[in-house]
Amino acid sequence: MVEGGGTEWHQTNRGVSIYISIYLSLFVLVAYFSKLLHDRPKIGAVLPEAAMIIIVGMAAGFIIHLAAGNDDNDASAADDVARSLLSFSPTAFFVLLLPPIIFNSGYHLRRDLFFRHIGPICLYACVGTVICAACVALLLYAARPLFGFAPTALELLAFGALISATDPVSTLAVFSAKKVDPHLFYLVFGESVINDAVGLVLFEALVHLIEANNEQPLNVGQEVAQFLLDFVLGFGGSLALGTLFAIGVALFLKRVDMRNTPLLELSVYVTIMYFSFCVAEICRLSGIVTVLFCGIAAKRYCEPNLSAGTAMKAQMIFRLAAHFAETLIFIELGLSVADLVMSGGAFCSAFIGVALLACLVGRVVNIYPLTALINLAARRKRPTLEMTEDDEVANGAYTLESGEGATSIMKGNDPRDDASQDSRISLNKAHMLWFSGLRGAVSYALVKTFPNTTGHQTIFVVTTAMIVLLTTFVFGGTTDLMLRVLRIPMDVDEATYMQSVHRRKLLGERLHRFESVQIRSWLIRGFDKKTKRAGGNKTLLDDDDTVPVGDDDSYIEQIEVTETEYLEAWKRHNSIYNYGR
């Protein structure tokens, strides 16, 4: 999606038709190549789908650039559209394309597994992002004499914040296909979901400082205090708004029973994907943080008030919107990179090389010290567990042994020891966490909004594009190899693993009971406090319901709809490797 680059092409039917036709053609072409990658796993192992989409976008960009006219005063509608296609609009990215992706990620989180590891996830995503941003800025500042231009400290901090936003979509696709150790899967997935939101809030706060510094000299102490206040209030306020918005929708669906009019029910429900984002932007909060936590809360409180058919259709719509948006983002990234190359952008090889090295070092400084801290805390504290009836019958717990493809059942162990082991992060997992720090479209969209107060924006744009391409192709294309080299457990049996999960009461026993019983009974129609289930919709299993994956008879017989695709979709939804893609 781009902003107008020509003379009123977007106001003519022909111009708009050309623009849409090009994007639809590229989308169909990408779908065809994606099918080929899925049918040829050996090729897909070294060429991630995201990389393939970027290649298609770059090839199309080169063709469009050559086909476009050079005389702006005598350009046809087609030439104007071509120029528009080659520009990347951060406004369209953040307002139209990013919300469905972030919402879908939050909506499809397995809440039990995500919150089981919420401590390490938040530590990596919040503290780790700040550490990585500071490290990148410090290394670049120290190497300024090599660059041929003099970026300010605030500019380097802002660049460090945007380049610290990870987007391991290629890595997660391999993880899901290989069924890697769920502990590692949710550490990478959870960090990437929250990391984007933290990086965005941090970047916006630093951009404010850059613009303020350009107008008048800064009072360092005052500005640092204001920065910290804006960051905390911005993130906390957005989190609260997203949760409250989902609660409001849940109350509406509970009070207004729309199950007899499924089309209206679905139409109202899917608006939550954009509505919460828009409200946050109006309130000058972070729309991305808001829509993320709105998705998490909507899954928990809103979906049980829907009819079974509407719930399934909504999930498909959320997935489709996220897939469509994600594909368009990588197509646009390829188109934009092609334009940078053809137009001879401000390439500074020294800055690109040092920035890439700084990203890798920053990731090291982020992952390994925090991993040591997490492991130290895990050794000192044995988690509080909630045993299920299945665990008592089994008279023991299940653990996942290390080694490639190794999954074995060990009975008779103290479940506290197993849960504590699952809380610790091995050195090989830490290596894989470091390796999974790919950069993506979020970083590129942020750099397109980089302030140009000192004339350095183009250099930062080109550098970010190069880092995104290198990490996507090199790291994304060797993920399968690294899993085997590091002997990360793969082909994990989901039923066995879920039997080994013993939930920690993260909120404390009283708060946990209050949320799972009192709050949910207030928000969910027909909620049974004994079974902790919604009586109005027996087809929907909450993440708290311990049902082994693969043992479908226990709940499929309750499903009221008869369409086979709904049953198959629900099985996929119940997978622990379901991350909304």
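Helices (H or I, at least four residues) and strands (E, at least two) are DSSP runs, numbered from the N terminus. By that rule, Lys35 is found in helix H1, residues 13-39. This is a predicted model, where local features need pLDDT of at least 70, side-chain atom pairs count only at pLDDT 80 or more, and totals for chains, interfaces and linings use all residues. Residues are numbered from 1 along each chain as its sequence is written, and side-chain values use heavy atoms, with hydrogens and water left out.

**Lys35**
- Lys35 is partly exposed, with a relative accessible area of 48% (buried is under 20%, exposed over 50%, partly exposed in between; 1.4 Å probe, protein chains only).
- From Lys35 to Glu49 there are 14 residues in sequence and 9.8 Å in space, C-alpha to C-alpha.

**H15 and H21**
- The axes of H15 (residues 308-342) and H21 (residues 457-477) come within 11 Å and cross at roughly 125°; axes are lines fitted to C-alpha atoms, for helices over the stretch in contact, and angles run from 0 to 180 degrees between N-to-C directions.
- H15 contributes Leu333, Val337 and Leu340 to the contact, and H21 contributes Val461, Val462, Ala465, Met466, Val468 and Leu469 (contact means heavy atoms within 4.5 Å).

**H16 and H19**
- The axes of H16 (residues 349-380) and H19 (residues 427-435) come within 9 Å and cross at roughly 150°.
- On the H16 side, the contact is made by Leu360, Arg363, Val364, Ile367, Tyr368 and Thr371, and on the H19 side by Leu427, Ala430, His431, Leu433 and Trp434.
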